[in-house]
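Good morning, colleagues. Please take a moment with the sequence and the structure before we go through a few local features.

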Amino acid sequence: MLQGLPCDANGNPLHPGTKPPPRPLPETPWEPYANGVQFKTADFLYRRAEMSAGNIDELLDIWAESKENGEDPPFQSHEHVYETIDATRHGDAPWKCLAVTYNGEVSDPCPSWQMGEWEVFYRDTDVVLTQMLENPDFDGQFDYAPYIGLDKAGKRYWSDFMSGNFAYRQSVCPFHFHEFRS
């Protein structure tokens with residue numbers, strides 16, 4: 001029976017009242033960026049200005065020529081910008097791509113979609129869920145275990161996925177459930 005008890009990284013139940021281990025701190029507050037200037041530059045070039053790779057390289061070359069304050073530009077090239085952005089973990093799961101083709105009977109006349117190969121881009125739901133659970137901003141903001149919600153009169157109410165019948169039926173014995181009264 002699933003009980004929704006806190007457990008360690010290996011799935012072993014923790015003793016009641018055990019605090020979770022501290023989260024590992026990043027090497028710098030800007031990880032994987034070297035500093036705030038590098039983060040702000042990448043954000044501006046990629047997200048806000050949507051600058052092309054060629055223009056990024058040209059800007060970085062100009063920046064490198066004007067080293068009046070003795071500092072190097074925050075990036076060496078557009079590749080360096082993209083690699084650093086791709087290494088950013090917080091709040092993102094990497095995109096994956098799956099190529100699909102139609103493998104059923106081809107009709108006559110044949111629509112073009114039946115002959116093409118199509119790319120489906122998606123994010124791994126396990127990675128997305130893991131990142132949500134690791135994010136302290138979500139602590140206490142959603143239910144981790146199924147429950148049955150009852151109002152003061154004892155009438156059942158539904159408020160989110162974990163209060164629904166599907167989640168309940170998939171995870172608990174019908175004789176053991178969490179009951180919340182509002």
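Leaving aside its neighbours within four places in sequence, with which residues is Trp158 in contact? This is a predicted model, and in it the contacts of Trp158 beyond those neighbours are Ser163, Gly164 and Asn165.

Let me place this tryptophan. Trp158 sits in the loop that runs between strand S4 (156–157) and helix H6 (165–171). One polar atom of the Trp158 side chain lies 3.5 Å from the backbone oxygen of Ser163. Is Trp158 buried or exposed? Its relative accessibility is 52%, and exposed means over 50%, so Trp158 counts as exposed. Looking back along the chain, Tyr147 is 11 residues away from Trp158, and their C-alpha atoms are separated by 9.5 Å.

I turn now to the second largest pocket. Its volume is about 190 Å³. The lining of this pocket comprises 13 residues, and those nearest the pocket centre are Val37, Glu71, Asp72, Pro73 and Pro74. How do the residues of that lining divide? Five are nonpolar, four are polar and four are charged.

Finally, the cysteines. How many disulfides does the structure hold? The count is zero. As a reminder, a disulfide is a covalent bond between the sulfur atoms of two cysteines. Cys97 has a relative accessibility of 41% and therefore counts as partly exposed, the class between 20% and 50%. Cys110 has a relative accessible area of 31%, so Cys110 is partly exposed as well.

Thank you for your attention.

Key:
Residues numbered from 1 in each chain as written. Predicted model: local features only at pLDDT ≥ 70, side-chain atom pairs only at ≥ 80, totals over all residues. Heavy atoms only, no water. Disulfide = S-S within 2.5 Å. Buried < 20%, exposed > 50% of the residue type's maximum accessible area, 1.4 Å probe, protein only. 1 Å grid on protein atoms, 1.4 Å probe; cavity = no way out; pocket = protein on both sides within 12 Å on 5 of 7 lines; lining within 4 Å. Points joined across faces, edges and corners; volume = space filled by probe spheres on them. Nonpolar A, V, L, I, M, F, W, Y, C, P; charged D, E, K, R; others polar. Helix = DSSP H or I, 4+ residues; strand = E, 2+ residues; numbered from the N terminus. Contact = heavy atoms within 4.5 Å. Polar contact = N/O pair within 3.5 Å; in protein donor to acceptor, adjacent residues only side chain to side chain.
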